[in-house]
Amino acid sequence: MKEKRTDLALEVRESFPRNHVEVKGVVLEKHYCPEGKAQITTVQIKDDAGSKAMKKPKGTYITIESELMLQEEEDREPLLLCICGQLEKIIKDLKQKSVLIVGLGNREVTSDSLGPKMTEHLFITRHLEKELGETFMEKNEFGCVSAISPGVMAQTGIETEELLESIVKKTKPDLVIAVDALAARSVKRLCKTIQITDTGIAPGAGVGNRRKELNKKSLGVPVVAIGVPTVVDAETIIGDHLEHVLEKQGYSEQEIEQFICEILTSDTENVMVTPKNIDASVNRISRDLADVLNHCFQKKG
């Protein structure tokens, strides 16, 4: 059966056979954050064997799942503090870093506009340091934060990696944080899941439009990626539903696979599905992620 598309390391790990308890070179840990009512899963890919099995770069992938992402603003605050705590775990001495925050995606496509909209709510301070000096920054406990939303190649004709390489060389941040919309394989995880990873990101990979990777090797500084799944492959939805129904009717695994392969055609190959309220969800999540980053890097503001 065709491999199901996902950007979430957790879902890749879940895709292994149920009796395959351990994957060599991959460590999985789970714990619960009671304040944020969140399930936190850490997948660590330790070596080349794990990277090959997972088809992902070596590094740490933290997945945070919580129904609070759908709740009112005042109810989400404990979750946002929980997310900030996980970000601080993956970035040592986070508050002492100068950071370039990158909002990846296409502002004109609602399900892909998470990154650009997030940058609108950030508290930017790099210019303040240049205008008012380090003493002002230290007195107000402001971190050095800059941001950009570079658009997509169809809009600019330039690879995002090429743009960011030039910006990093000129502005010399200690760290790049890239925020992007992701693809999941489970409808239940759409807009309710956040993945944080220290491995960087390949823009567009989840929807089959993979661009040059943004990572420490390509940009020269560490790259942390934060993503929220906003779309799921139509083939995955159809296949999972048919598999569930046919299993109940007693069909064998081979028969189910053959039937699904016959049902899925080229008409569904490049179709991505997003929730009907995606505009409200993206607006809410983009503000939440900006609040998390503002809290992590700024004492005030």
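**Close-up 1. Lys58 and its salt-bridge partner Asp48 in the predicted model.** Lys58 is partly exposed at 46% relative accessibility, whereas Asp48 is exposed at 55% (buried: under 20% relative accessible area; exposed: over 50%; partly exposed: in between; 1.4 Å probe, protein chains only). The closest N and O atoms of the pair are 3.3 Å apart; a salt bridge requires a side-chain nitrogen of Lys or Arg within 4 Å of a carboxyl oxygen of Asp or Glu. Asp48 belongs to helix H2 (residues 48-54) and Lys58 to the loop between H2 and strand S3 (59-65), so the contact ties together parts 10 residues apart in sequence. Helices (H or I, at least four residues) and strands (E, at least two) are DSSP runs numbered from the N terminus. The model is predicted, so local features need pLDDT of at least 70 and side-chain atom pairs pLDDT 80 or more, while totals for chains, interfaces and linings use all residues. Residues are numbered from 1 along each chain as its sequence is written, and side-chain values use heavy atoms, with hydrogens and water left out.

**Close-up 2. The salt bridge between Glu11 and Arg189.** Here the closest N and O atoms are 3.2 Å apart. Glu11 lies in helix H1 (residues 9-14) and Arg189 in the loop between strand S6 (175-184) and strand S7 (193-197), so the pair ties together parts that are 178 residues apart in sequence. Glu11 is buried, with a relative accessible area of 1%, and Arg189 is buried at 11%. Both residues belong to a network of salt bridges that also links Glu14 and Glu65. The whole structure holds 9 salt bridges.

**Close-up 3. The salt bridge between Glu120 and Arg107.** The closest N and O atoms of this pair are 2.4 Å apart. Glu120 is in the loop between helix H4 (114-119) and helix H5 (126-132), and Arg107 in the loop between strand S4 (98-103) and H4, 13 residues apart. Arg107 is partly exposed, at 37% relative accessibility.

**Close-up 4. The lining of the largest cavity.** Met69, Leu80, Ile194, Ile285, Asp288 and Leu289 form this lining, to which helix H12 (residues 278-297) gives the largest share, 3 residues. A cavity is a set of points on a 1 Å grid over the protein atoms alone where a 1.4 Å probe fits but cannot get out, and lining residues have an atom within 4 Å of a point.

Note on methods. 1 Å grid on protein atoms, 1.4 Å probe; cavity = no way out; pocket = protein on both sides within 12 Å on 5 of 7 lines; lining within 4 Å.
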